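I open this entry to record what I looked up in the structure below. The notes run from the whole chain to single residues.

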Amino acid sequence: MAGDPVNINEFQELARQALPKMYYDYYTGGAEDEHTLRENVEAFQRITFQPRILVDVSNVDVSSSILGYNVSVPIMIAPTGMHKLAHPKGEMATARAAAACNTIMVLSFSSNCTIEEVASSCNAIRFYQLYAYQRRDVSAKLVQRAQQNGFKAIVLTADAPKSGRRERDIKNKMVVPKLKNLEGLLSVEVDSEGGSKFEAFTSRTRDPSLNWKDIGWLKSITTLPILIKGVLTAEDGNIVHGRAGKVIFSIDFAARMAVDVGAAGVIVSNHGARQLDYVPASISVLEEIGRPVIYGLAAKGEHGARQVIEMLRNELELTMSLNGCRSIKDITRSYVRTEHERLRSSL
């Protein structure tokens, strides 16, 4: 490819050229038929803008705040595992790229670099992704290490009691590189019977009994705010009744449930289409950017990861300008139109 990439798709192609097929498939693949993986992209394509004209956009501010921490742009690096498959510097390079762009990185539980290595790599706001293990002492030790090393929040992934069936990984017999954060805590040696060793490892170690009541346990071992990642369904949380015994059918029910059990917020996510196939695209129920940064990391290391974040920021600023939005708070639901609304208006 001649010259620097000018969009995320070109970064993805550079990553495909740079990575072994097993690793590229690990980063880009989804669960089973990969219907939801495709829908994650196509759902955005079905949303159109309704811009305002004759608005003074000579000064557009894309900055925001997350849990009270100021960021240059409302784009976080979602937890994505095993960055050393993309580049030798791994998560330390990604962390430095995020710090340079003044945004937040969520460090994955399956990072190749340790919590301590990432914390010492640069001065930045970082969150830590947590899975609930069958051995709760393992989860507790990881949380304690994150808090001791200056991480500012815990992101509890709640949509993966078991690993989704990622057929690319099974076909490639995906191996588990050394997960340094788990050294001395859990063995990653598993018998996958010819399939994905990573899937076998996660299925053997995760706690499928995790439920809303366990948020209290997590709060008891940390003073950090907790975000619950994986909310997707309007009825999520229905099996636990509210204070008045009523079931509330709305997408923010899980958010209220989260507040009731002491969490600081929720993250709408379908796990990058890597868990349950044939669920909706996250954007379609919201009425998470992780992989693009990996493409930049694989293509050009820390500089590439930083380029991707800056590219996304510039695209947001331009889109806001052309829609007549001068700040993040100006963006409302009225600026977009969904396919459903277009069909309804044509009747």
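What percentage of the 347 residues in the protein chain do buried residues make up? I find 48%, where buried means under 20% relative accessible area, exposed over 50%, and partly exposed in between (1.4 Å probe, protein chains only).

**Basis.** I note that this is a predicted model, in which local features need pLDDT of at least 70 and side-chain atom pairs count only at pLDDT 80 or more, while totals for chains, interfaces and linings use all residues. Residues are numbered from 1 along each chain as its sequence is written, and side-chain values use heavy atoms, with hydrogens and water left out.

**Whole chain.** I count 13 helices and 9 strands in the protein chain; helices (H or I, at least four residues) and strands (E, at least two) are DSSP runs, numbered from the N terminus. The accessible surface of the chain comes to about 16800 Å², of which 53% belongs to carbon and sulfur atoms. These areas come from the Shrake-Rupley method with a 1.4 Å probe.

**Helix α3.** I looked up the buried residues of α3 (residues 35-45) and found Thr-36, Leu-37, Glu-39, Asn-40 and Ala-43. Seen down the axis of α3, they fall within an arc of 165°, so they line one face of the helix. The arc is that of the directions from the helix axis to the C-beta atoms.

**Strand β7 and its partners.** I find 6 of the 6 residues of β7 (residues 226-231) buried, so this strand is largely enclosed by the rest of the structure. Two strands pair if DSSP finds at least two bridges between them. Strand β6 (residues 153-157) pairs with β7 in the parallel sense over 4 bridges, and Ile-154 has Ile-226 in β7 as its bridge partner. I also find β7 joined by 4 bridges to β8 (residues 265-268), again running parallel; here Lys-229 has Ile-267 in β8 as its bridge partner.

**Ala-158.** I place Ala-158 in the loop between β6 and α7 (167-172). Its relative accessibility is 39%, so it counts as partly exposed. Ala-158 and Gly-230 are 72 residues apart in sequence, yet their C-alpha atoms are 5.6 Å apart in space.

**Strand β5.** I find β5 (residues 126-130) mostly covered, with 5 of its 5 residues buried. In a regular strand the side chains alternate between the two faces of the sheet. Here Arg-126, Tyr-128 and Leu-130 point one way from β5, and Phe-127 and Gln-129 the other way. Strand β4 (residues 105-107) pairs with β5 in the parallel sense over 3 bridges, and Val-106 has Phe-127 in β5 as its bridge partner.

**Positive phi.** Most residues other than glycine have a negative phi. I noted Leu-67, with phi near 55°, in the loop between β2 (64-66) and β3 (69-71). Leu-67 counts as partly exposed at 34% relative accessibility. I also noted Lys-173, which has a positive phi of about 55° although it is not a glycine. Lys-173 lies in the loop between α7 and α8 (197-205), and at 48% relative accessibility it counts as partly exposed.
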